[in-house]
Number of protein chains: 2
Amino acid sequence: MNGKSENPSDGGRDGPVPKAVVSRLSLYLRELQHLVRDGHETTSSTQLGNVLGFTDAQVRKDLAYFGQFGYPGIGYRCEELIQAIKQILGTNQPWPVAMIGAGNLGRALLRYKGFVQQGFRIVAVFDNDPDKAGQEIEGRAVEPLERLAEVVREQGIRLAILAVPAPAAQEVADMLVEAGIDGLLNFAPVTIALPGTVSTVGVDLAIELEQLAFAVVNRKKSS
Amino acid sequence: MNGKSENPSDGGRDGPVPKAVVSRLSLYLRELQHLVRDGHETTSSTQLGNVLGFTDAQVRKDLAYFGQFGYPGIGYRCEELIQAIKQILGTNQPWPVAMIGAGNLGRALLRYKGFVQQGFRIVAVFDNDPDKAGQEIEGRAVEPLERLAEVVREQGIRLAILAVPAPAAQEVADMLVEAGIDGLLNFAPVTIALPGTVSTVGVDLAIELEQLAFAVVNRKKSS
């Protein structure tokens, strides 16, 4: 009867915790960071849920997968819960990241402040265009793809962002796997085949526009 | 007890259908489009679920929010289900979109093939940099922000993509609301205050890297 992906027994590929719960952890983390920035020291499941459009029960249930974080009569201590969620996500340690592709998207992502704020530092940039190799972008020298394995090893890089044109994506992904990368964030609008030892997250930007279209169409209907 | 955002009674802001269900519709749509491209005419909830990591019950339950789409002994007709989902999402009609910001991110998004494939055509580009206004990018002349209201009206634009630096985001969003935009896709890593009549979807690219970090850390733990 219950076939929700939120069901802890559904055996998602990343272990027993449902992906939807993990993705909500990121939302809780971001909201807690906003609260701290605005001077709040504590919060509640109701407050946290309200801003994000979830019920307080949902918030408590999600966090209960990982432990007991609230205090009776106090709620959650923001800084403490931030540290706990970062530890769960693995972002309590800095992650050196490789960027593959120094085109417009790669350049935009190199400037994107949100990555550094969350502990992701792009330490190396690669491009197969000989005109780009040697250029400096945002303080990082663009390296030829031939140096990938060497730099990944030297810098202990485990995550890579793929910002190359779709036709090149699989070939570059294979090189990244060969170089020993553990995880791949793919911006190319194609599905990439990877061995089971490498994690991948695909970013499909059109999905966000579709969700926006749905919201607009349904808002109009009900007004 | 059940505080899941997937619960149809939880009264999400966009009406009775939970946001999580709507976001899964996009995933089903994309997979169906892949199936058609690969020559498949029909599919099943099991096949559709398998590829995406959901149970067949989840797929059936999600689609049941919107109607009855399967045929006994056949399953789903791919093309028919694609058209049905597009109608639900509102993407069975083309959406003219305005891009605000002609920096690296704006340029990358103008080249992003995924938008056009799903019916979103960026018809106008705006930037407040006088050096950029008048330039042509991907066949579109960059307009000054002063022309926003006029162009939005002329071209019947209802959606806008905000690809401006964070400090400028709120001011530009206010101009878009003033110009009559119904929906805003925000890439700036800040929360934007909008009137209740305008829908917004924020894209936080660090969330995807966090999810990848979690997958990598937990894969390593279990191996």
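I began with strand S8 (residues 183-186) of chain A, which pairs with S9(A) in the parallel sense over four bridges. I took strands as DSSP runs of E with at least two residues and helices as runs of H or I with at least four, numbered from the N terminus, and I called two strands paired if DSSP finds at least two bridges between them. Along this pair, I found Gly183(A) opposite Ser199(A) in S9(A).

A note on ground rules: this is a predicted model, in which local features need pLDDT of at least 70 and side-chain atom pairs count only at pLDDT 80 or more, while totals for chains, interfaces and linings use all residues. Residues are numbered from 1 along each chain as its sequence is written, chains are lettered from A and ligands numbered from 1 in the order in which they are written, and side-chain values use heavy atoms, with hydrogens and water left out.

Next I traced the whole sheet. It is open, has seven strands with mixed pairing, and runs S5-S6-S4-S3-S7-S8-S9 in chain A. The edges are strand S5 (136-137) and strand S9 (199-202) of chain A, each pairing on one side only. Helix H8 (residues 166-178) of chain A packs on this sheet and touches strand S3 (95-100), strand S7 (159-162) and S8 of chain A; I used heavy atoms within 4.5 Å as contact. The direction of H8(A) makes about 170 degrees with that of S7(A) (axes are lines fitted to C-alpha atoms, for helices over the stretch in contact, and angles run from 0 to 180 degrees between N-to-C directions).

Then I turned to salt bridges (a side-chain nitrogen of Lys or Arg within 4 Å of a carboxyl oxygen of Asp or Glu). In one of them, Asp56(A) meets Arg60(A) at 3.1 Å, N to O; both lie in helix H3 (residues 56-64) of chain A, four residues apart, about one turn of the helix.

How many salt bridges join chain B and chain A? I found four, and the side chains of Asp204(A) and Arg30(B) also meet in a salt bridge, at 2.7 Å, N to O. Helix H9 (residues 205-222) of chain B gives the most to the side of chain B that touches chain A, with 16 residues.

Last, I looked at the extent of the interface. The contact takes 74 residues from chain B and 75 residues from chain A.
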